[in-house]
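The following report concerns a protein structure shown below. It takes up a sheet, several salt bridges and some backbone features in turn.

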Amino acid sequence: MMFLKKITPLFFLFTLLLSTSHVGSVSASRFAGETSTPIEHLVVVMQQNHTFDNYFGTYPEANGIPANTCLAVSLSNGPDTPCISPFNIGSYPVTDLSHSASTFQAQYQNGKMNGFVGALNKLNQDGKLTMAYFDDRDIPFYWNLADQYVLFDNYFSSAHTGSIMNRMFSITGQSGGEENRIPVEGFVDIPTIFDRLQERGISWKYYIRDYNPEFNYRALRELDYLPPQIQWVPLLSMDRFLDDPELSSHIVDFSEYYTDLQNGTLPAVSYVLLLGATEHPVSDPQLGQITTRTMIQTLMQSDVWKSSALLITFDDWGGWYDHVSPPQVDKYGYGFRVPAMLVSAYARQGYIDHTQLDHTSLLKFIESNWDIEPLAQRDAQANNLTSAFDFSSAPRDPVFISALREVPEARLEPRRVVIYIAYGSAMLFALIILLRAHRKDNLQSLPRPMDLSEETRPS
Amino acid sequence: MDIKNLFSISERVTHRPLPNNPAAGVWKSWERTAVIRFARIAFVMCLAIGLRLWGLNQIGFNTDEAVYSGQAAAIAQAPILKDIFPVFRAHPLLFQFSLALLFNFGVSDLTARLLAVAIGVATVYVVYCLGSLLYGEDAGILAALIMAVMPYHVTVTRQVLLDGPMVLFSTLTLYLLARYALTERPVWLHAVGIGMGLTFLAKETGIILIGAVYAFFALASEINVRIRDLALSLVLMVAMMLPFPLSLILAGGSKVGGQYLVWQLFRRPNHTWDFYLTTVPVAIGILVIIIALLGLWLLRKQNTWREKLLVWWILVPVVFFQIWPTKGFQYLLPIAPALAVLAGRMLTHWSAIEPSSRSNHSRNSVWISALVGGIMILNLFAVSWQTIQPGTSGTFLAGTGGVPGGREAGQWIQQNIPANATLLTIGPSMANILEFYGYRKAYGISVSPNPLHRNPSYEPINNPNLVIRTNDIQYLVWDSYSAERSAFFSERLLALAARFNGRVIHTESVLVTSEDGTQIAKPVIVIYMVHP
């Protein structure tokens, strides 16, 4: 009994210490789903094949096309070589320009950035087209979006090649191979951000417009073409995301984006592929604008608007001209700048963000926001998107962004002063005449009604 | 019979023989007369104000009120509303201009309705002046009392409509015309021109009363009119009308006026031929009409230019609007003051009808007229009282009051859906209400793409499928009032809601009385969110 009495306080002390240490471990590592910012939902829409200068080269205040830009039509670039100046694309026919790794090098010209036209001409493409740019006449919604939210003008594609490698960087922080192609055996043992989210129990989805679950890298053996869905969704070339229902069930049709918003089940992290509206030439940018506008508006209509951020970016440059020489951080990239816009209730208003970013900056934001370890060196070293947010201010109320850039034709209306003067004068005039009539009429002589007979009226 | 015999009871009371001390007697008599006169008119005015203010703002605007207030807000440069509502529509802007002066201190539906009430009450006073001028103080008081409680006038002047101001000025014109007929002083004829101009500026349809003036001068041979004075009166009338075309022309908008004229001329009838017959007499009061007509018949021997004036003032609008394809509940309101005066005349001049035994007859006639007048006034009051209570049927006739649930739905929209969102309703009526209260652009699916078949103010949605598919329209609004009028467009809107993943995000209900007499909440407005 004496022994028991002696050890009882020790037991309690031990229990107390244990419980305290447990509390400490929980507070050091945030609960799954807990975020370091008010952003609880991130939606990434990765479009295709345009450069920053191609979409926003003439956007005021942004790092756009320098004055007097004129690029030689051939790679020889002699003093007498004719050159092409940037021009508005207008009704110029858009074609799919070469955007392979070799084309990048030919256009990049070791950082001189003067081979854009010549590289394409050499491939018997219309090199002039690379100098065409879109502006607010062509992509009014994106320009309006930039006016109201954040436009990044120093955002680079991660790799100086096409979609596959850039999209691999966007979900793994790695290239996925030496070439811009899907290996025969698929991408093996490369951890993705979705693996990390799954491990932590954080919700995620990959929305694909017109998703066909039958199409994955295994089907390539029987197909004589590469379906875009397989090419642009690296998860469909990873066995575990095809075979493990716990993972594959997160790859869904885009229509679920709207039902998730309606039902309040939008995941913490969403990646979106808008097949058929990715703006990949020869596709019309209007299709992309309509779909992204609908996405944004539906997000604004939902309950999660004030805890969400939606980023629109483009996987690679698509062969179009951009004047900024991309920093080479490793042997894969960066590639040329691509457009990127951030929409959020916490996004700075009409802000041009000059922070150097690339697709792995998305991973950086996810990792910092949901307390996830970096996947690779690229994302570990990437800059974060946080400079685009202002978390010190109250979240902005949703305001639908117009799809029209031009101010609607002014309605036929008078200046208000005309109405005030015209009608005010009329009232004053009436008052004067009526008072005058009243004064002129000698009321004393006016016969009272009961005294009136037809005979008493003055003749 | 000498017209002096037509004195009313009060006239006889107020014109007693002078006492011995002339100065003191005159003062006392004047004092008493003035007090009685003031008390009677004060009672009438209080009744008029009370009936018009009671529960004035318990139901929000109807479509016309929303449009006129929206115009006023646009003139006052109210944020957002100035971009939604165009300044120019079909009508001149005198009332909207007046309202804009108030809206400079803030846009409010209550302010707008208070202005309408003030105009209505002023009209009651002008009717009193008119009745007094034509048939004596008692007839004036009785006519004003009839107007004060007449459901037709009460209903219309509780709303932000142009007909209330138009009737104020048309009644003023009638008063000025009577004054000219009494005195034949040119200055009153000139004033008639001013009055007609004001009537036009309040609402252009008031111009048809020129026909009544013409008929009166043409057929009342005892009234002399000099061409020079008539011409000057016309010039003054035209000068008064100038602000309407002037503001249009200065804005380069003469085309707008032309479009409205074409539309009005060629639009399809909106009601059957018997619309006025079935709605207006009840609103004016069957008894009022019967008594007025009886007076014309029974007192026909005493009929003078006065009755010609009043009868033409009634006939011209009735004939015109019966023929005019577009019909509206409130369009015949200008005839109400004339009818009220005629009814007042009959009741106060009852004693003039074929007296058999003069003293008995006089006593009886007082009782009869008091009884009939009392029944008539009580009846009018009861109907008005019933009319100003919130509707419990879930149906709605344009011009008869506010639209239950419309304001609440609009305010919900303003607070809960993103700025710059666009709505699609069944018809433009609900669109106008939601635009005013919701501060969001709204289109009516029933607006015809054919310019000849639509109000030029309304923009059609040529391809609703496309605009929803491109997410240019994000909300559909169904309402029971429009659905009742157009089942076709109601079904079309609901089909769009089904096709584009429509989800009900808000429902406005009103308490209605069901067939078994119980009160149930009936959904009157349903808002759907749609996306491609």
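Which residue of β5(B) does B:Ser509 stand opposite? The residue opposite B:Ser509 is B:Pro523.

## Basis of the report

This is a predicted model, in which local features need pLDDT of at least 70 and side-chain atom pairs count only at pLDDT 80 or more, while totals for chains, interfaces and linings use all residues. Residues are numbered from 1 along each chain as its sequence is written, chains are lettered from A and ligands numbered from 1 in the order in which they are written, and side-chain values use heavy atoms, with hydrogens and water left out.

## The sheet of chain B

In chain B, 5 strands form an open sheet of mixed pairing, in the order β2-β1-β3-β5-β4. Strands are DSSP runs of E with at least two residues, helices are runs of H or I with at least four, and both are numbered from the N terminus; two strands pair if DSSP finds at least two bridges between them. Because β2 (441-444) and β4 (503-513) of chain B each have a single partner strand, one side of each is left without a neighbour in the sheet. On average, neighbouring strands are turned by 25° against each other, direction ignored.

β4(B) pairs with β5 (residues 519-529) of chain B over 10 bridges in the antiparallel sense. Helix α20 (residues 406-416) of chain B packs on the sheet and touches β1 (422-425), β4 and β5 of chain B, its direction making about 35° with that of β5(B). Contact here means heavy atoms within 4.5 Å; axes are lines fitted to C-alpha atoms, for helices over the stretch in contact, and angles run from 0 to 180 degrees between N-to-C directions.

## A buried aspartate

B:Asp479 is found in strand β3 (residues 475-479) of chain B. B:Asp479 is buried but has no salt bridge, and B:Arg485, the nearest side chain of opposite charge, is 5.9 Å away. Buried means under 20% relative accessible area, exposed over 50% and partly exposed in between (1.4 Å probe, protein chains only). A salt bridge requires a side-chain nitrogen of Lys or Arg within 4 Å of a carboxyl oxygen of Asp or Glu; Lys and Arg count as positive and Asp and Glu as negative, whereas His and the chain ends are not counted.

The side chain of B:Asp479 reaches the backbone nitrogen of B:Tyr481 at 3.3 Å. Not counting residues up to four places away in sequence, B:Asp479 touches B:Ile426, B:Met430, B:Val524 and B:Ile525.

## Salt bridges

Over all chains, the structure holds 29 salt bridges. In one of them, the closest N and O atoms of A:Arg167 and A:Asp315 are 3.0 Å apart. This pair links helix α6 of chain A, which holds A:Arg167, with the loop between β11 and β12 of chain A, which holds A:Asp315, 148 residues apart. Both A:Arg167 and A:Asp315 are buried.

B:Arg40 and B:Glu137 also meet in a salt bridge, at 3.9 Å from N to O. B:Arg40 lies in helix α2 (residues 22-53) and B:Glu137 in helix α7 (residues 137-149) of chain B, so the pair ties together parts that are 97 residues apart in sequence. B:Arg37, B:Arg40, B:Glu137 and B:Asp138 are linked in a network of salt bridges.

## Backbone features

A cis peptide bond joins A:Pro281 and A:Val282, with omega about 15°. Phi of A:Asn49 is positive, near 60°, and A:Asn49 is buried, with a relative accessible area of 0%.

Methods
A polar contact is a pair of N or O atoms within 3.5 Å; within protein, one must be able to donate a hydrogen and the other to accept it, and residues adjacent in sequence count only if both atoms are side-chain atoms.
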